[in-house]
Amino acid sequence: AVRIIADHIRAAGFCIADGVLPLNSGRGYVLRRLIRRAVLKGQMTLGFEEPFLDSVFPALVEALGDPYTELVERGDHIMRTLRQEEQSFRRTLHSGTERFQLLVGDRREPGWSFRGEDAFDLYDTYGFPLEVTQELVEQLGGSVDLEGYQRALEEQRARSKAGHGLAESLFC
């Protein structure tokens with residue numbers, strides 16, 4: 001977990017220094033996933049209950065700031081971006097975890113399956129990553145119905161595509 005966090009904070013720091021911001025598409029999505037994976041490792045594996053990424057960043061500057069002066073020059077912006085993204089993701093985790101607990105109830109029998117449609121709903125409605133759902137379900141001795149998740153994802157894409165076509169015909 002510590003190595004993953006170190007790797008991800010380094011990659012995220014350089015991305016942000018180069019002008020990339022956490023977004024839902026393209027290279028911004030890659031950055032968002034890097035930050036979120038580091039947060040997950042810190043929270044779930046190391047038990048960090050408070051935001052920590054921006055406090056780890058100065059160690060990166062200390063180690064690599066001399067040859068990579070952009071880390072020093074853009075340090076405040078990088079730390080602010082890391083802090084905002086981590087806080088946002090922690091809110092997502094909190095609301096998604098509450099919904100997850102309701103969906104799971106008191107299932108504890110070995111080999112149980114978490115509905116793929118519910119896993120997709122957690123992602124689509126709450127921004128709760130599939131990997132988090134899988135990890136939580138596995139901790140409870142179950143597995144996620146990935147085929148059901150994929151079906152729900154494809155159905156959503158089809159609805160979105162159909163809605164986009166309808167919107168185009170209305171406004172063109």
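**Helices and aromatic pairs: a short tour**

Let's start in helix α6, where Gly116, Asp118, Ala119, Phe120 and Leu122 are buried. A word of caution before going on: this is a predicted model.

Stay with α6 for a moment. Helix α6 covers residues 116-126. Phe120 and Tyr123 are both in α6. They sit three residues apart, about one turn of the helix. How exposed is each of them? Phe120 has a relative accessibility of 6%, so it counts as buried, the cut-off being under 20%. Tyr123 comes out at 36%, so it counts as partly exposed.

Now the rings. A pair of aromatic rings is described by the distance of the centres and the angle of the planes. How many aromatic pairs does the model have? The count is six. One of these is Phe120 with Tyr123, and the pair is tilted. The centres are 6.3 Å apart, with 50 degrees between the planes.

What comes after α6? Gly127 follows the helix. Its phi is positive, near 70 degrees. Keep Gly127 in view and look across to Arg91. In sequence, Arg91 and Gly127 are 36 residues apart. In space, their C-alpha atoms are 10.0 Å apart. Arg91 belongs to helix α5. With 55% relative accessibility, Arg91 counts as exposed, since the cut-off is over 50%.

On to α5 itself, residues 75-104. Thr81 is in this helix. Is Thr81 buried or exposed? It is buried, with a relative accessible area of 7%. What does Thr81 touch, if we leave aside neighbours within four places in sequence? Its contacts are Ile16, Leu21 and Pro22.

Helix α5 also packs with a partner. That partner is α3, residues 53-64. The two axes come within 8 Å and cross at roughly 150 degrees. Over 145 degrees counts as roughly antiparallel, so α3 and α5 are roughly antiparallel to each other. Their crossing is right-handed. Which residues make the contact? From α3, they are Leu53, Asp54, Phe57 and Pro58. From α5, they are Gly75, Ile78, Met79, Leu82, Arg83 and Glu86. By class, the contact of α3 with α5 has six nonpolar residues, one polar and three charged.

Next, the other helix pair on my list. Helix α1 spans residues 2-17, and helix α2 spans residues 26-45. Their axes come within 9 Å and cross at roughly 150 degrees. That angle makes α1 roughly antiparallel to α2. What is the hand of the crossing of α1 and α2? It is left-handed.

Who meets whom here? On the α1 side, we have Ile4, Ile5, His8, Ala11, Ala12, Cys15 and Ile16. On the α2 side, we have Leu31, Leu34, Ile35, Arg37, Ala38, Lys41 and Gly42. The contact of α1 with α2 divides into 10 nonpolar, two polar and two charged residues. Note Ile16.

To recap the hands: α1 and α2 cross left-handed, while α3 and α5 cross right-handed.

How values were computed: Residues numbered from 1 in each chain as written. Predicted model: local features only at pLDDT ≥ 70, side-chain atom pairs only at ≥ 80, totals over all residues. Heavy atoms only, no water. Phe/Tyr/Trp six-rings, centres within 6.5 Å; stacked < 30°, edge-to-face > 60°. Helix = DSSP H or I, 4+ residues; strand = E, 2+ residues; numbered from the N terminus. Buried < 20%, exposed > 50% of the residue type's maximum accessible area, 1.4 Å probe, protein only. Contact = heavy atoms within 4.5 Å. Axes fitted to C-alpha atoms, helices over the stretch in contact; angles between N-to-C directions. Parallel < 35°, antiparallel > 145°, perpendicular 65-115°, else oblique. Left-handed = near helix turned anticlockwise from the far one by under 90°. Nonpolar A, V, L, I, M, F, W, Y, C, P; charged D, E, K, R; others polar.
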